[in-house]
Amino acid sequence: MGDFLARPSLVIARHRHLKWRALDPLEHVLMVLCGISITGFTFSVFLDVVTRTAGFPILWLQLATTGFFAWGVFIGMAVATRRIDHLNLVEITKRLSGPPRTFLEVFNRAIILLVALAMLVFGIQNFMNDLGSFRAPSLIPLAAYTASVPVAGALIVLFCVEQLINGWINGFEGPEDTEDFVGIVK
Amino acid sequence: MTNGAILLLMAAFFIGFGYMGVPVAFALMAGVLVACALTPISMQSMIGQMFHGIDSEILLAVPFFLLVGELMSSADVTNRMIRLAQTMVGHLRGGLAQVVTLFSMFFAGISGSSTADVAVLTRTVAPEMTREGYDRGFTAALIACASTMANLIPPSIMAVVYGATGNVSIGGLFLAGIAPGIVVGIGLMIYSHFFGPVGLKKPRASLCEFAAAMRASILPLMIPVIIMGGILTGWFTPTEAGMVASVYILLVLVPLLARGHIPDLPRDFVYTGLLYSIPLALVAAASAFGWMLAYLRGPDIVSGWIELFAGHDGRLIMLLLVLLFIVIGDFMDAVPAIIIFMPIVIKLNELGSIQPLHMGVVIITTLVFGLITPPYGLSLLVASKFVGVPFSRAMFASLPIYVVFFVAIAFTVLFPDIVLYLPKLLLPESVGCFKSPTGSGYICPP
């Protein structure tokens with residue numbers, strides 16, 4: 001476990017100046033969870049087809065599938081925030097420097113922070129309401145799925161605060177500004 | 001405040017934040033939350049709508065088709081298909097340009113992702129094109145344009161999202177996308193032949209070379225057969241077909257053709273896990289945005305405007321929607337565009353009595369064009385980056401190729417009988433046909 005945390009190989013090196021090393025293991029774990037989610041629902045859809053074809057359908061497999069899927073989406077949404085992998089309409093901030101850059105970077109993250117806080121606060125309210133709702137046929141509480149939204153909200157708040165503090169201290173400009181990456185960097 | 005004013009405010013916040021650099025998913029949700037503050041709709045219900053937007057079994061096809069593309073490109077199995085394309089068209093004028101287009105048609109039948117296609121071609125064929133003296137702007141433009149076929153020729157992620165949100169048969173959309181996909185492919189080959197660089201003249205491959213290349217490619221080329229065969233025979237849903245294709249690659253292709261890649265498979269899964277979450281986070285946010293748009297009667301307002309110009313003329317309505325989606329596709333990603341504007345599309349389908357499958361394939365073909373137009377031409381951005389050429393140079397090189405896409409869009413609008421021929425033949429229910437009570441054949445609407 002110590003070695004796993006000491007060498008977080010799935011942590012992206014870009015935007016290092018906006019990150020705390022203390023949160024690298026968290027990014028690593030979230031990336032692993034993304035992998036587990038897609039592996040999980042690949043396996044559950046596979047089992048679903050096999051058992052259905054064999055004449056012994058297991059109905060709760062579909063619920064497991066949607067669970068892996070939904071958690072994967074929201075965990076991925078959170079980790080993409082730390083890696084700055086989300087899709088943007090424009091990369092206008094990269095072309096700026098100095099106070100205008102700082103203003104825009106802080107403003108943009110403030111918007112993300114507000115949305116993430118809404119996901120956290122109202123997501124918790126939805127989670128509490130959904131504790132009383134169950135999905136047939138396995139009667140898994142709906143809350144087991146909808147909990148993914150506030151969890152993602154909390155993680156995005158954390159990563160946003162991390163980037164705001166580090167950006168304020170170190171500046172938002174970095175060597176990545178000259179690059180023109182689109183999509184996910186491995 | 002009137003509904004129209006709230007709609008404008010919501011759109012202004014989304015576009016304003018988006019163009020200030022806020023990621024699209026968050027800009028969409030910011031617009032929704034502003035609208036919540038001005039309407040009786042609770043923020044809690046809109047955050048819940050984010051979850052309900054992705055709580056769909058059909059959308060599971062998206063990660064599977066991304067996984068197929070990721071596994072195929074990272075395991076380097078695609079080289080065999082490039083070799084096959086070379087033996088088929090490598091001897092023609094502008095041989096490598098023809099190879100790019102033909103390979104993209106093959107790859108489109110395997111992966112639903114244009115970006116995966118760009119990644120493969122820029123890594124393999126692009127360096128060879130540079131060595132043969134092709135202009136790098138042209139190389140990036142052609143690769144980007146050819147990669148768009150991944151969203152037309154099945155399996156297509158855009159078709160999955162359109163079918164899931166618009167309640168249109170995904171199998172039908174897959175089949176209907178083949179005709180415009182082929183039109184784009186043939187158009188690019190004609191363009192490269194007559195207007196592209198000459199390249200190096202190469203001898204025609206012998207029959208033996210072609211047979212050897214075909215034999216080497218036969219296992220990867222089974223993937224489209226598995227996907228479409230499974231869907232058309234009714235054995236699999238599109239989601240299950242994507243899963244079966246992924247399992248086929250894992251259990252057959254990689255062990256037989258790329259054994260050395262096995263230790264890297266966990267990493268492929270991890271990155272695909274992240275890769276699929278990004279468009280689906282957009283789906284979640286766009287679903288809340290689309291819900292609010294529908295609540296504020298946006299479809300009635302927009303369809304009212306379009307009715308003023310087009311009346312109930314289906315073809316004119318379609319033409320106006322094409323113009324609208326060309327503009328939308330220039331500025332935003334296709335996935336949120338489909339989800340946000342779906343209520344409007346459904347309303348206009350009813351207004352003009354348009355076959356929903358026909359409208360679907362027209363809109364997908366139009367949005368595909370947005371992948372190569374500035375400022376948000378994702379395929380062109382990725383291709384220019386990977387080929388190492390400024391975006392503006394790739395954009396200017398792609399301008400004459402736009403004609404091919406205009407022809408494809410016009411073809412899709414004007415010849416519904418040809419576009420819908422395959423769905424009518426193989427999946428009659430997808431175009432509104434139903435089984436004859438006598439038990440023989442189908443009864444189809446005119």
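Guide: Buried area is the accessible area (1.4 Å probe) that two parts lose on being put together, summed over both. This is a predicted model, where local features need pLDDT of at least 70, side-chain atom pairs count only at pLDDT 80 or more, and totals for chains, interfaces and linings use all residues. Residues are numbered from 1 along each chain as written, chains are lettered from A and ligands numbered from 1 in the order written, and side-chain values use heavy atoms, leaving out hydrogens and water.

Visitor: OK, what area is buried between chain B and chain A?
Guide: About 5500 Å², with carbon and sulfur atoms giving 77% of that area. On the chain B side, Phe26(B), Gln44(B) and Phe51(B) lose the most area to chain A, together 13% of what that side buries.

Visitor: And how many salt bridges are there between chain B and chain A?
Guide: The count is 2, a salt bridge being a side-chain nitrogen of Lys or Arg within 4 Å of a carboxyl oxygen of Asp or Glu. Arg135(A) and Asp55(B) are joined by a salt bridge, at 2.1 Å from N to O.

Visitor: What else does Arg135(A) sit over?
Guide: The charged end of Arg135(A) sits over the ring of Tyr145(A), 4.6 Å from the ring centre; the rule asks for NZ of Lys or CZ of Arg within 6 Å of the centre and within 35 degrees of the ring normal.

Visitor: Switching to rings, which residues do ring pairs link into a cluster?
Guide: Phe41(A), Phe69(A), Phe64(B) and Tyr276(B), where rings of Phe, Tyr and Trp (its six-membered ring) pair if their centres lie within 6.5 Å, and planes under 30 degrees apart count as stacked, over 60 as edge-to-face and the rest as tilted.
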